[in-house]
Amino acid sequence: MDALDLVIRHARVATAADTFDSDIGIKDGVIVMLGKNLPKATKEIDAAGRVVTPGGIDGHCHLDQPMPPPAKMADNFDTGTRSAACGGTTTVIPFASQVKGQSIRAAVDDYHQRANGQAHIDYSFHLIVSDPTPDVLQNELPALIREGYSSFKIYMTYDDLKLDDGQILDVLSVARTHGATAMIHAENSDCIEWLTRRLEAAGQTAPRFHAHSRPMLVEREATHRAIALSQLVDVPILIVHVSGREAVEQIRWGRAHGLKILAETCPQYLFLTAADLGLDDSYLGAKCVCSPPPRDKANQEVIWDGLNDGLFTVFSSDHAPFNYDSPEGKKPEGKEVDFKYIPNGIPGLETRMPLLYSEGVLGGRITLSKFVELTSTNAAKTYGLHPRKGTIAIGSDADLVIWDERAVTIQNTNLHHAVDYTPYEGIELKAWPGMTLLRGEVVWDGTHFYGQKGRGQFLRGGTPTITAKRV
Ligand code: DUC
Ligand code: ZN
Ligand code: ZN
């Protein structure tokens, strides 16, 4: 064989299965050798004493997704993937979102235009199905699944996106027949509307009341219903962005009954609480308005337990980037508005991996292998990207993170997204990616970002290779 392009020496390699000491030999962007004393390569990196994990896969993030005006996402594929890379993520899966009345194909074509030549890291697409017409169900979706758009999100809330139970059953049937992964946003829409009307009537419209309009009960009820709908169709589902105990209990119940319920959670449910939406009527709480809302400290512990014991299969950011001080963001048309008009979502692509590595692995809450499983391997398996992505193995893409265990304080000025705040400002971490490699090339060295728009490749999704285990 010709000389290796790159050897990473003396790495403490972590996969979802194992942790072992090895050199990593890379040729043409692919891992071709693992072992000690690998032959000399054109380029060498000494990773002595440092952990090397697979690059992160953020299986739930929103980039340059068309929004109802005046809202506009702050990150596009350029700034979003730049930020992801600097936080150790090498693949993102944002959403091609169908607008009601539009074909999904049109949404996919438009989304490719937005991504083409812009991404610094690899990317795949989920679909959002908001208008499951007969043509969508019988023709469009099956064709798109065959072409590698094999996962889609459906919503039980949000007027412009939500499906009723019959529509959900129709869409789940397509997922079953054609082997796609259905992700479900589980909150009861009618309860949210009813509570919102009551809060408005009482003049309770500050950002913090967003959390009051979406208590855990509304997530619990919808989670239970989603599980029942999945059981009726006999198809696996992935409940996304699970926030706390009540939804967790429903998922545990489903799993205990042998139902195929996968689950995702996000950093905001470990590191934020409803108090971050404000204790008074200050508008600053708008920065943390997301759905479901963050809960309380006790619920954070429930989420940690679920990460540790395998209830959660994936840990994603749900990065939904809106500037705080912007008429396109949290202040629509420049105004401090009632909570129901605040665009939902918080930024988190860059901080997802460091937060979980620092507080999870170094904080002694989860093992290194569990970290790899949650941030990379299981997303690759869920969306049909494994083993090309999501592991450190011969034949896999050389998407790698070399970790620096050092004190870092999260400050928005040091992040690389285009959002004017981070909800995690001031949190002290014990680690940050010292180097991120995409297919063998250094894209982040701990200080500098080596961007190359268009370096990121589009990845077709495939058949899931993960099953929900009893927990
Ligand atoms: N909730 C979502 O469902 N999507 C984006 C952001 C959010 O808060
Ligand atoms: Zn959602
Ligand atoms: Zn989302």
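I began with the metals and found that the zinc ion (ligand 3) and the zinc ion (ligand 2) are 3.8 Å apart. I note at the outset that the model is predicted.

**Entry 1. Zinc ion, ligand 3**

I looked up which residues hold the zinc ion (ligand 3). His60 (NE2), His62 (NE2) and Asp318 (OD) coordinate this ion, at 2.0 to 2.1 Å. Along the chain, the donors of the zinc ion (ligand 3) are spaced as H-x1-H-x255-D. I then placed His62 and Asp318: the pair links distant parts of the chain, 256 residues apart. His62 sits in the loop between β6 (56-58) and α1 (77-86), and Asp318 sits in the loop between β15 (314-315) and α11 (352-362).

I also checked accessibility at this site. His62 has a relative accessible area of 5% and therefore counts as buried, the cut-off being under 20%. Asp318 is buried as well, with a relative accessible area of 9%.

Lys153 and His185 are both buried.

**Entry 2. Ligand 1**

I next listed the surroundings of ligand 1.

I looked for polar contacts. A nitrogen atom of ligand 1 lies 3.3 Å from a polar side-chain atom of Tyr158. An N or O atom in the side chain of His241 is 3.5 Å from an oxygen atom of ligand 1. Gly345 takes part through its backbone, with a polar atom 3.5 Å from an oxygen atom of ligand 1. How much of ligand 1 does the protein bury? Ligand 1 exposes 240 Å² when taken alone, and the protein buries 94% of that.

**Entry 3. Cis peptides and positive phi**

I located Pro292 in the loop between α9 (268-271) and α10 (297-308). Another cis peptide bond joins Pro69 and Pro70, with omega of about 5°. Pro70 belongs to the loop between β6 and α1, where I had placed His62.

Asp64 lies in that loop between β6 and α1 too. Its phi is near 45°, a positive value in a residue other than glycine. Is Asp64 buried or exposed? Asp64 is buried, because its relative accessible area is 15% and the cut-off is under 20%.

I compared Asn37, in the loop between β3 and β4 (41-46). Asn37 likewise has a positive phi, near 55°, but Asn37 is exposed, with a relative accessible area of 73%.

**Entry 4. Strand pairing**

Strand β1 (residues 4-14) pairs with strand β2 (residues 19-27) in the antiparallel sense over seven bridges, and a hairpin of four residues joins the two. Leu6 has Ile26 of β2 as its bridge partner.

β2 also pairs with strand β3 (residues 30-35), antiparallel, over five bridges. Gly25 is bridged to Met33 in β3. The hairpin of β2 and β3 has two residues between the strands, and Asp28 there takes a positive phi near 50°.

Elsewhere I found an open sheet of three strands, in the order β6-β7-β9, with parallel pairing. Its edge strands are β6 and β9 (122-123), each of which pairs on one side only. Strand β7 (residues 89-92) is joined to β9 by two bridges, and Thr91 has Asp122 of β9 as its bridge partner.

Notes
Residues are numbered from 1 along each chain as its sequence is written. Chains are lettered from A and ligands numbered from 1 in the order in which they are written. This is a predicted model: local features need pLDDT of at least 70, side-chain atom pairs count only at pLDDT 80 or more; totals for chains, interfaces and linings use all residues. Side-chain values use heavy atoms; hydrogens and water are left out. Buried means under 20% relative accessible area, exposed over 50%, partly exposed in between (1.4 Å probe, protein chains only). A polar contact is a pair of N or O atoms within 3.5 Å; within protein, one must be able to donate a hydrogen and the other to accept it, and residues adjacent in sequence count only if both atoms are side-chain atoms. Accessible areas come from the Shrake-Rupley method with a 1.4 Å probe; for residues, only the protein chains shown count as cover. Donors are N, O and S atoms within 2.8 Å of the metal (3.2 Å for Na, K and Ca); water is not among the atoms, so sites may look incomplete. Two strands pair if DSSP finds at least two bridges between them.
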